[in-house]
Amino acid sequence: MTDLAKYRNIGIFAHVDAGKTTTTERILKLTGKIHKTGEVHDGEATTDFMEQEQERGITIQSAATSCEWNGHRLNIIDTPGHVDFTIEVYRSLKVLDGGIGVFCGSGGVEPQSETNWRYANDSEVARVIFVNKLDRIGADFYKVVDQVENVLGANPLVMVLPIGIEDEFKGCVDLLTRKAWIWDDEKNLSAYRIEEVPADMVDQVEEYREQLIEKALEQDDDLMEKYLEGEEPSIEDINKCIRKGTIALDFFPTYCGSAFKDKGVQMVLDAAVAYLPDPTEVKPQPEVDLEGEETGEFAIVDADKPIRALAFKIMDDRFGALTFIRIYSGKLNKGDTLLNTFTGKTERIGRMVEMHADERIELDHAQAGDIIAIVGMKNVQTGHTLCDPKHPATLEPMVFPDPVISISISPDDKGASEKLGIALGKMIKEDPSFRVETDEDSGETILKGMGELHLDIKVDILKRTHGISATVGKPQVAYRETITQVVEDSYTHKKQSGGSGQFGKIDYTVSPGEPGSGFEFESTVTGGNVPREFWPAVEKGFEKMKDKGVLAGYPCLDFKVTLTDGSFHAVDSSAVAFELAAMAAYRQSMPKAGPQLMEPIMKVDVFTPDDHVGDVIGDLNRRRGMIKSQEPGVTGVRIKAECPLSEMFGYIGTLRTMTSGRGQFSMEFLHYMPCPKNVAEAVITENKEREAAKKK
């Protein structure tokens, strides 16, 4: 049996380019997992093993690896920072117990850091903070600490102070021990020596140390009382308080360094072991019933309980499909049979492996707290629960956002259609935020995703990994429709064709719903004019039609149908007749109810140097953007705005041109809003032309 107190399941997450992958590389080198560190900018990082990652110098899919530090086992997941791949961060956080939030010393808290931080808060993941790249021009540790407080609303617990900054950065002072860690051996970057605090920093160190101790001791009233009476607690007691506060999310121990130069990473590893929780110290996963309601039971992390595991990632590589699972309770041995509660089918465990990026180490058994991969599972998808067939249970599943952008794709080679279908099937399993649909009228394959980069990478994977060259149509926006007026109407469905006929008459009201309410149905029929057994058929008829709006064929949102009256025939009425009546009623009444086209509005966060603020705001206004706020920073201004997605295609190119390549932006879906008349007319006309072209 492995001691779970020695386990740390941690993720490394941050904004694009803050240095997550470089930090992971250094951790692997320090823990003896690799002997040569690969650099992201050379395309040689261990965890960036996809060709697309190596070329673009970004992380696309989260990679899992394990290592040892100070007698503890660390399971580490390096996650992407780009907004289009937030889903990878979200699902990784779901199975982690702790995290390392990496911030750039000069960029500070950037837009995507906020989204990731919010996800981590939602998942209640304890974190330590690492302010990276302190050797960069414009780096400022104290500014980043301030931003963590004010922008993220978090409570940083400063554990170290930097010695020197930018080119002069050479080490950190550990506030608890009052010792300076100095890295100045250019030949051996990971070598450091421990000295006394530099004379010019003594006062500052004492001031920050006092703040650290006071914040930590708020976790223990007795120690605080003694401290106020002048008795300083032992470092061991302070560490216990820091651990307690970190796990309770009351504060986040904050470190600094330069991962690229191997400075400060050792201290972060020590902190991960000392302050982040082991699997038994985090809130257990709630179990849910078939409807998704919590049952009140929990998957307690204990190797002696029945097996409970969550599949959080599917990856296809040259050896076959890999299913990454986090085991919450119980033990798992090779050859065991597990039940997938989502499909109701059992799966036999053939091979289990421990992953080190894309290398694998074979395992015979695993237990609660482990993150492993299983080879060759057939019907398991992200978010499915695997459990003991004799003690079935379902863990809280993952919820993924709907895609906001789509493109059409058709293979250049007619014979490649089947190959395309198989490749897309694998890709959907790997990425739940990626959807594929077939347009029934045109037979086109439609890919849907979270952003332009997301779909761009998918097409690239099709070309390289699966060898399918395809023609890509221009991006389409996922518009929606709704109604603005109340309509009372009636419809009779009558059909006589020899033998028993079909009859169903419904009187109903169609009315606009509250934003976000979706489709609602209610029946106020009394007296049995429409028997109760036919009500679900009426609801089903309207529900079937709501995905085809009357303006341009987009799904219809936020409306309510109230069945008020009707009549039936003792012989000819049936559920089918009432369902057909409702479908025809939808076509009849929706055009009268003031239909309106809705467009997706994105929350846009733009960073620009001071010189270009006017240009950027002018450009956003031209894109029908609403400027919400401007926040000046040391290196530039952050502009927050709300813009229609249809106006944001290709925005990154325009922004880079305007700001000489220094601008950055991120956007995420906010809500749907009514389209201006001229935009709606253009979309409707374009749709009609497209439909006409298909019919030809």
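**View A. Y508 and F542, a buried aromatic pair in the predicted model.** Y508 is buried at 1% relative accessibility (buried: under 20% relative accessible area; exposed: over 50%; partly exposed: in between; 1.4 Å probe, protein chains only). F542 also counts as buried, at 1% relative accessibility. Their rings are edge-to-face, 5.7 Å centre to centre with 65° between the planes (rings of Phe, Tyr and Trp, the latter by its six-membered ring, pair if their centres lie within 6.5 Å; planes under 30 degrees apart are stacked, over 60 edge-to-face, the rest tilted). Y508 belongs to strand β32 (residues 502–512) and F542 to helix α12 (residues 535–545), so the pair ties together parts 34 residues apart in sequence (helices, H or I of at least four residues, and strands, E of at least two, are DSSP runs numbered from the N terminus).

**View B. Aromatic pair F141 and Y142.** This pair is edge-to-face, with 5.5 Å centre to centre and 75° between the planes. F141 is buried, with a relative accessible area of 1%, whereas Y142 is partly exposed at 31%.

**View C. Ring cluster around W117.** Ring pairs join F103, W117 and F252 into a cluster. The charged end of R127 sits over the ring of W117, 4.3 Å from its centre (NZ of Lys or CZ of Arg within 6 Å of the ring centre and within 35 degrees of the ring normal).

**Notes.** Residues are numbered from 1 along each chain as its sequence is written, and side-chain values use heavy atoms, without hydrogens and water. In this predicted model, local features need pLDDT of at least 70 and side-chain atom pairs count only at pLDDT 80 or more, while totals for chains, interfaces and linings use all residues.
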